[in-house]
Amino acid sequence: NDAYRYVDWLLTVPLLLIELILVMKLPAEQTKRLSWSLGLASALMVALGYPGEIQDKLFVRWFWWALAMVPFCFVVFQLMVGLNEATSKQASSTASALVSSARYLTVVSWLTYPFVYIIKNVGLAGPVATMSEQIGYSVADVVAKAVFGVLIWAIAAEKSKIEEESALL
């Protein structure tokens with residue numbers, strides 16, 4: 001049972017998205033709106049995925065997978081399209097490039113999760129399916145969290161440098 005993993009995701013996935021929004025330093029109202037919408041959608045995505053993860057019946061697994069894909073697609077759309085304008089308005093071209101990298105890294109790493117989820121839906125079973133799921137989720141988690149974290153640090157460092165340079169002027 002992957003309950004521990006889903007509890008972790010329920011907490012960390014919304015926080016990672018909110019962290020990206022916060023480091024972008026958008027206007028307060030836009031920050032609030034995006035933080036709530038992306039945070040809630042990502043929590044809903046995780047919550048909808050869990051019931052299918054613990055089922056053996058193929059129809060039930062596909063049903064919950066499809067439901068979880070609705071908020072998943074909303075979040076991916078916001079990352080790919082909805083944040084374009086805000087990304088272009090970052091304090092420097094370096095900051096914009098780093099924010100874009102964080103957005104696209106998130107999307108690419110997230111695209112692995114739905115495919116790992118359906119491993120048991122496409123005929124794999126037993127220890128091979130369990131091992132494949134664990135490896136797939138673990139690799140995706142490292143990219144989605146650790147590498148993303150380094151990018152967030154780089155964005156914050158770039159923006160701090162710009163603020164320090166502005167203060168000297």
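User: At what angle do α1 and α5 pack, and how far apart are their axes?
Analyst: In this predicted model, α1 and α5 pack at about 160°, and their axes are 11 Å apart. Axes are lines fitted to C-alpha atoms, for helices over the stretch in contact, and angles run from 0 to 180 degrees between N-to-C directions. Helices (H or I, at least four residues) and strands (E, at least two) are DSSP runs, numbered from the N terminus.

User: Which relative orientation do α1 and α5 have?
Analyst: The two helices α1 and α5 are roughly antiparallel. Angles under 35 degrees count as roughly parallel, over 145 as roughly antiparallel, 65 to 115 as roughly perpendicular and the rest as oblique.

User: Is the crossing of α1 and α5 left-handed or right-handed?
Analyst: The crossing of α1 and α5 is left-handed. A crossing is left-handed if the near helix is turned anticlockwise from the far one by less than a right angle, and right-handed if clockwise.

User: Which residues make that contact?
Analyst: Val-13, Leu-17 and Leu-20 of α1 meet Ala-102, Arg-103, Thr-106 and Trp-110 of α5. Contact means heavy atoms within 4.5 Å. The residues of this contact of α1 with α5 divide into 5 nonpolar, 1 polar and 1 charged. Ala, Val, Leu, Ile, Met, Phe, Trp, Tyr, Cys and Pro count as nonpolar, Asp, Glu, Lys and Arg as charged, and the others, Gly among them, as polar.

User: What are the rules behind these values and numbers?
Analyst: Residues are numbered from 1 along each chain as its sequence is written, and side-chain values use heavy atoms, with hydrogens and water left out. As the model is predicted, local features need pLDDT of at least 70 and side-chain atom pairs count only at pLDDT 80 or more, while totals for chains, interfaces and linings use all residues.

User: Staying with α5, how many residues does it have, and what does it reach from end to end?
Analyst: Helix α5 covers residues 93–110, which is 18 residues, and reaches 25 Å from its first C-alpha to its last. That is close to the 26 Å expected at 1.5 Å a residue; the expected span is 1.5 Å times one less than the number of residues.

User: Which residues of α5 are buried?
Analyst: Among them are Ala-95, Leu-98, Val-99, Ala-102, Leu-105 and Trp-110. Buried means under 20% relative accessible area, exposed over 50%, partly exposed in between (1.4 Å probe, protein chains only). The buried residues of α5 pack against α1, α2, α3, α4, α6 and α7.

User: And how does α5 sit against α7?
Analyst: Their axes come within 9 Å and cross at roughly 170°. That makes α5 roughly antiparallel to α7. The residues in contact include Leu-98, Leu-105 and Trp-110 of α5, and Val-147, Phe-148 and Leu-151 of α7. By class, the contact of α5 with α7 has 14 nonpolar, 4 polar and 2 charged residues.

User: Moving along α7, is Ile-152 buried or exposed?
Analyst: Ile-152, which lies in helix α7, counts as buried because its relative accessibility is 7%. Leaving aside its neighbours within four places in sequence, Ile-152 is in contact with Glu-19, Leu-20 and Val-23.

User: What about α2 and α3: how far apart are their axes?
Analyst: The axes of α2 and α3 are 8 Å apart, at an angle of about 165°. These two helices are therefore roughly antiparallel to each other, and α2 passes α3 in a left-handed crossing. Contact residues include Leu-34, Leu-38 and Met-45 of α2 and Trp-64, Leu-67 and Phe-74 of α3. By class, the contact of α2 with α3 has 15 nonpolar, 5 polar and 2 charged residues.

User: What does Phe-74 touch?
Analyst: Not counting residues up to four places away in sequence, Phe-74 touches Ser-37, Leu-38 and Ala-41. Phe-74 is partly exposed, with a relative accessible area of 35%.

User: Where is Lys-25 found?
Analyst: Lys-25 is in the loop between α1 and α2. Lys-25 has a positive phi of about 55°, although it is not a glycine, and is exposed at a relative accessible area of 51%.

User: Finally, how many helices and strands does the protein have?
Analyst: The protein has 7 helices and 0 strands. Its C-alpha atoms fill a box of roughly 65 × 30 × 25 Å along the principal axes, and buried residues make up 44% of the 169 residues.
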